[in-house]
Amino acid sequence: MDAAGPAGVQQGAGALGCSQEASPRPADSSGLVQECLQQFKVTEAQLQQIQASLLVSMEQALRGEASPAPAVRMLPTYVGSIPHGTEQGDFLVLELGAKGASLRVLWVTLTGIEGHRVEPRSQEFVIPQEVMLGAGQQLFDFAAHCLSEFLDAHPVSRQGLQLGLSFSFPCHQTGLDRSTLISWTKGFRCSGVEGQDVVQLLRDAIQRQGAHSVEVVAVVNDTVGTMMGCAPGLRPCEVGLVVDTGTNACYMEEARHVAALDDDRGRMCVSVEWGSFRDDAALGPLLTAFDRTLDRESLNPGAQRFEKMIGGLYLGELVRLVLVHLARRGVLFGGCTSPALLSRGSVLLEHVAEMEDPSAGAARVHAILQGLGLSPDSSDAELVRHVCAAVCTRAAQLCAAALASVLSRMQRGREHRALRVAVATGGRVCEQHPRFCRILRETVKVLAPECDVSFVPSVDGGGRGVAMVTAVAARLASHRRLLEETLAPFRLSREQLAVVQAQMREAMAKGLRGEASSLRMLPTYVRATPDGSERGDFLALDLGGTNFRVLLVRVAAGGVQITSQVYSIPECVAQGSGQQLFDHIVDCIVDFQQKQGLSGQSLPLGFTFSFPCRQLGLDQGILLNWTKGFNASDCEGQDIVRLLRAAIGRRQAVELNVVAIVNDTVGTMMSCGYEDPRCEIGLIVGTGTNACYMEELRNVAGLTGGPGRMCVNMEWGAFGDDGSLDALSTCFDASVDRASINPGKQRFEKMISGMYLGEIVRHVLLRLTSLGVLFRGQQMGRLQTRDIFKTKFLSEIESDSLALRQVRAILEDLGLPLTSDDALVVLEVCQAVSQRAARLCGAGVAAVAERMRESRGLEELAVSVGVDGTLYKLHPHFSSLVAATVRELAPRCAVTFLQSEDGSGKGAALVTAVACRLAQKTRV
Ligand code: 0WK
Ligand code: BGC
Ligand code: BGC
């Protein structure tokens, strides 16, 4: 080994103590000393190189770049805000790993009153070496045992005990209470823990202990506890720095710069884990032979190289190795060593702190060295002090370079030219080594001159900070529980859906038999799907969806051509008089004819009228009741075709030949059936919802029976109006129904369709606000406004790619300021409401398909469903969830969903074309 470094510390025979008289110092001893201490000197340029290299690694890790593997981890901690002092309550804190072989349990009371502090009660426990190196279960059982001992010893209330775990090791966190240990550091190396969720391990141990029910709601790195514990003064602490047995820092990073996060809003506390920093170019030249020996003999050789130059667990050992080296060179203690000096870990952090503390007299240094079995002379004591100072100075400077790197990162992240920030410091090296913090401050000033940094020593080692995070986590946990309770009724099980399917089957059978049923099962007089021989020009009207359309449909050998125009139906017309409504419709037709050069032509017209009509023929439909916000007077109970013809009659010089009135479900089925003859079900999930299908004629009461089929309009929107869905109905559904223009009606529709989902979400958000889960419990005026939360927002919010950002944009447009937690809650509410709608719709389609399969006596049924409607088409997950539910509930039916491209207007024209073809045939 080279002269400048230590020989193996194994106990060679010659090395033990010394039998002969202390030998005089070799002549070149001061040279040997300088040469030795020089190795711990770090130049400003070297510090700047470390600062720059660490910054590069930090930004690589933030961007999530895996190769080359960044030298630091930059772990999100899920602490998104620094304390706002309102946190309150009593919390347990269990600190593991911050202070070496000690575990601390604290009882912290947060008053929520600025500046009002209650002294935490705490108890420290020494962790036996065999526990620190044993099985993981043993360590967590030990922790649970200490917790129980603390609770037995301290008269604290036992209700709802909530605990925050301060776990000072590198962990991948996926939430405030979910954290996987990456690797042990410092003096720990328990088996079966790396790669495990340490919160679950502690929960299991507390469970096994069984003495107290303690809920573990948060896990926090000690640097975060230190940062969060700093008294909210003029400048809140946004950096937490710990130098105890190990070293690390955390700081508030812009969330948008943390690739691992899907929410780019606000800030997120990131644990740097700079202990693992290594960069051969920047750090290599600084590594002394003492560092290499220390690393080689450590529990984790090759790892945490930077920490091993700074952390309190290693400073004493470095000093010891230097002292052994110098003693062996006869420079110290007369060339004598001692068993204590030769044994690893014998020089403690406290020893170094005292020996290098200028205020500690030579006597104290002597006492410590004598305690190590040495007989120092006065110059030995001075030299030892220099060794301690050299080791600690380097540690403080390296720590400063790392801190300066964090400050530069914050400056760049916030595009601040000058950063003003407070750094909370914690750990015994900071607390006990007065020179350490001074050198740290001075070096930071040199390396980050443009940053105005204040240092705030942590008051209780971060216990309060951990309690702060626990308070936030407890609040989030209770919010999570309240959210789950509120959304639980929307999460329908397979069993519940099967019941809906069976109830719908029964209602279908009753309706077809003409018995009382919430499903009217209305014959549509459409007997056949198009056979492709239809030809001609047809006018079509499409009323009842989001848009009213007038269409010219040209059916030719080459296919169908459509020209259409959308017209609006003002609410005052939709809810005015029937005459006004139909006059408005005729006005639109005339306008369309003029624009299409069809004026004066009397084309056959097919009328898609998307409301429940009892049809007496293809061109006769008695409106049973309005739905979907329509409420024109003098229409219910009337033949809609007659009302239209009357309106045409009122308009001079207009001639129209109304041939057919069809429901939009029928139009959609026909429109898709033109491409796929297996399309025998029509489904609408738009403003309203409904379905139709081809039923065996023999099963439709009131018709002549015989072979063949007829399309039946189920009007399933009214399913459950007999109370059969009450078990599934929530208080939010009741609020929406009560406020609707047709309370008690269209219950199934009001759980599924576009006109209502936004309102259901709004009512749920109002409830969650009143529970304090949303908007900090502040009722938002805008959210009280009916229909302000559009159903299209659900489709936008649930789009995978832009989830949270989208939520924010939408709600901020609504003037609702929200936190990122709020955004997540709104997203979950939208998901719960739309998933229930899709699964109920799926249960309905499964009921129809199974009925068709059974009434056709088939083992397997292959059928297609023509679908239309804004909600079904635009919602990112609705259609796939409907299909999945159908597969679940009707496994013997192969159901294909065809999205209608041209809407049901084309279908109405095809029905008209079929009617004209059939009429033509009977005429010849
Ligand atoms: C387009 C169809 C129309 C139907 C509408 C339903 O052409 O007949 O009423 O879809 O969807 P909504 O417009 O209500 O979303
Ligand atoms: C750990 C960090 C911890 C630091 C200070 C390091 O060994 O990896 O998580 O913050 O020690 O305790
Ligand atoms: C109507 C149905 C229509 C459905 C879809 C419901 O409100 O009652 O006739 O098919 O909406 O538009």
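A: Let's start with Phe630, which has a relative accessibility of 9% and so counts as buried (buried is under 20% relative accessible area, exposed is over 50% and partly exposed is in between, using a 1.4 Å probe and protein chains only). Before going on, note that this is a predicted model, in which local features need pLDDT of at least 70 and side-chain atom pairs count only at pLDDT 80 or more, while totals for chains, interfaces and linings use all residues. Residues are numbered from 1 along each chain as its sequence is written, chains are lettered from A and ligands numbered from 1 in the order in which they are written, and side-chain values use heavy atoms, leaving out hydrogens and water.

Trp626 is buried too, at 4% relative accessibility. There are 21 aromatic pairs in the structure, where a pair means rings of Phe, Tyr or Trp (its six-membered ring) with centres within 6.5 Å, called stacked if the planes are under 30 degrees apart, edge-to-face if over 60 and tilted otherwise. Trp626 and Phe630 have ring centres 5.6 Å apart and planes at 25 degrees, so they make a stacked pair.

Now for Lys628, which lies over the face of Phe611, 4.7 Å from the ring centre. The test here is NZ of Lys or CZ of Arg within 6 Å of the ring centre and within 35 degrees of the ring normal.

Lys628 also takes us to the second largest pocket: together with Thr546, Thr687, Gly754 and Met755, Lys628 is among the residues nearest its centre, out of 38 in the lining. A pocket is an open set of points on a 1 Å grid over the protein atoms alone, where a 1.4 Å probe fits and protein lies on both sides within 12 Å along at least five of seven lines; lining residues have an atom within 4 Å of a point. This one holds about 1100 Å³ of space, the volume being what probe spheres set on the points fill.

Which element gives the most to that lining? That's α24, with five residues; helices like this are DSSP runs of H or I with at least four residues, strands are E runs of at least two, and numbering goes from the N terminus. Others giving two or more residues include β17 (559-567) and α22 (731-739).

By class, the lining has 15 nonpolar, 16 polar and seven charged residues. Asp, Glu, Lys and Arg count as charged, Ala, Val, Leu, Ile, Met, Phe, Trp, Tyr, Cys and Pro as nonpolar, and the others, Gly among them, as polar.
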